[in-house]
Amino acid sequence: TDASIARLEAALRVAPASIPTRANLASALARAGRMREAVEQFALLARAAPDDPAAHQNYSDALMAAGRRDEAIAELEITIRLRPDDADLRNRLGTALGRAGRVREALVQFQEALRLNPNHESARANAARAERMLLNHRAHVGRVCDPPYPPIQARAEQRRRHEPMTLQRSRLARKTTKFPLVVPGVAIAPIGGASGSIWSAA
């Protein structure tokens with residue numbers, strides 16, 4: 001609520017170095033759909049803990065929820081450099097790349113996720129989907145390259161660009177995905193994921 005956000009902002013003015021307070025403020029802003037401000041707070045958290053993969057993943061998730069996909073991908077790549085053997089993170093990066101139409105790069109990440117965890121069902125399904133897309137596109141154009149941006153996701157992106165901010169916030173409230181923890185004991189708010197996607201980050 002606005003009252004909770006105001007209290008957290010006041011507490012942060014008193015103790016600006018408090019990571020739990022800033023994490024709770026970022027969480028509250030995200031719940032309220034105030035994504036620009038939430039992203040700013042998550043960015044500060046990531047800067048305060050440059051070697052913490054969870055902080056960078058939270059920042060990436062916030063950027064993605066705010067529609068800043070390329071920045072989200074870059075931040076997720078930082079997360080993976082800090083935690084290279086995490087199959088779930090590899091699958092998340094592949095999912096983000098797939099949604100961006102970068103299917104060849106996505107396939108590499110799905111395959112790496114499967115190397116790390118051969119039983120990762122989501123990565124297996126995503127890898128099969130990416131391979132089908134690349135093969136089908138190669139059959140049409142005669143060379144290996146990324147297929148056009150997935151139509152269903154393109155429509156979702158176009159809809160979000162033109163719909164009122166209040167409707168975007170309502171959509172975020174309905175479609176949620178949990179952040180990991182930035183610090184022990186600090187619950188990070190749910191933030192909306194991409195709608196209409198053919199890729200699965202689960």
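Leaving aside its neighbours within four places in sequence, with which residues is alanine 96 in contact? The points below lead to the answer; the model under discussion is a predicted one.

1. Overall make-up. The protein contains ten helices and zero strands. The protein has 202 residues, and 45% of them count as buried.

2. Surface and contacts. About 10500 Å² of the protein is accessible surface, and carbon and sulfur atoms hold 53% of that area. Among contacts with a separation of 6 or more, 54% join residues 24 or more positions apart.

3. Helices H4 and H5. Two packed helices are described by the angle between their axes and the distance between the axes. Helix H4 covers residues 53–65 and helix H5 covers residues 69–82; their axes lie 8 Å apart, at an angle of about 165°. Angles over 145 degrees count as roughly antiparallel, and H4 and H5 are therefore roughly antiparallel to each other. The crossing of H4 past H5 is left-handed. On the H4 side, the contact is made by Pro53, His56, Gln57, Tyr59, Ser60, Leu63 and Met64; on the H5 side, by Arg69, Glu71, Ala72, Glu75, Leu76, Ile78, Thr79 and Leu82. Sorted by class, this contact has eight nonpolar, four polar and three charged residues.

4. Helices H5 and H6. The axes of H5 and H6 cross at roughly 160° and come within 10 Å, which makes H5 roughly antiparallel to H6. This crossing, too, is left-handed. From H5, the residues Arg69, Ile73, Leu76, Glu77, Thr79 and Ile80 meet Leu89, Arg90, Arg92, Leu93, Ala96, Leu97 and Arg99 of H6. The classes here are seven nonpolar, one polar and five charged residues.

5. Alanine 96. This residue belongs to helix H6, which spans residues 87–99. Is alanine 96 buried or exposed? Its relative accessible area is 5%; buried means under 20%, so alanine 96 is buried.

6. The opening question. Leaving aside neighbours within four places in sequence, alanine 96 is in contact with Met64, Arg69 and Ile73. Met64 is one of the H4 residues in the contact with H5, while Arg69 and Ile73 are among the H5 residues that meet H6.

Key: Residues are numbered from 1 along each chain as its sequence is written. This is a predicted model: local features need pLDDT of at least 70, side-chain atom pairs count only at pLDDT 80 or more; totals for chains, interfaces and linings use all residues. Side-chain values use heavy atoms; hydrogens and water are left out. Helices (H or I, at least four residues) and strands (E, at least two) are DSSP runs, numbered from the N terminus. Buried means under 20% relative accessible area, exposed over 50%, partly exposed in between (1.4 Å probe, protein chains only). Contact means heavy atoms within 4.5 Å. Accessible areas come from the Shrake-Rupley method with a 1.4 Å probe; for residues, only the protein chains shown count as cover. Axes are lines fitted to C-alpha atoms, for helices over the stretch in contact, and angles run from 0 to 180 degrees between N-to-C directions. Angles under 35 degrees count as roughly parallel, over 145 as roughly antiparallel, 65 to 115 as roughly perpendicular and the rest as oblique. A crossing is left-handed if the near helix is turned anticlockwise from the far one by less than a right angle, and right-handed if clockwise. Ala, Val, Leu, Ile, Met, Phe, Trp, Tyr, Cys and Pro count as nonpolar, Asp, Glu, Lys and Arg as charged, and the others, Gly among them, as polar.
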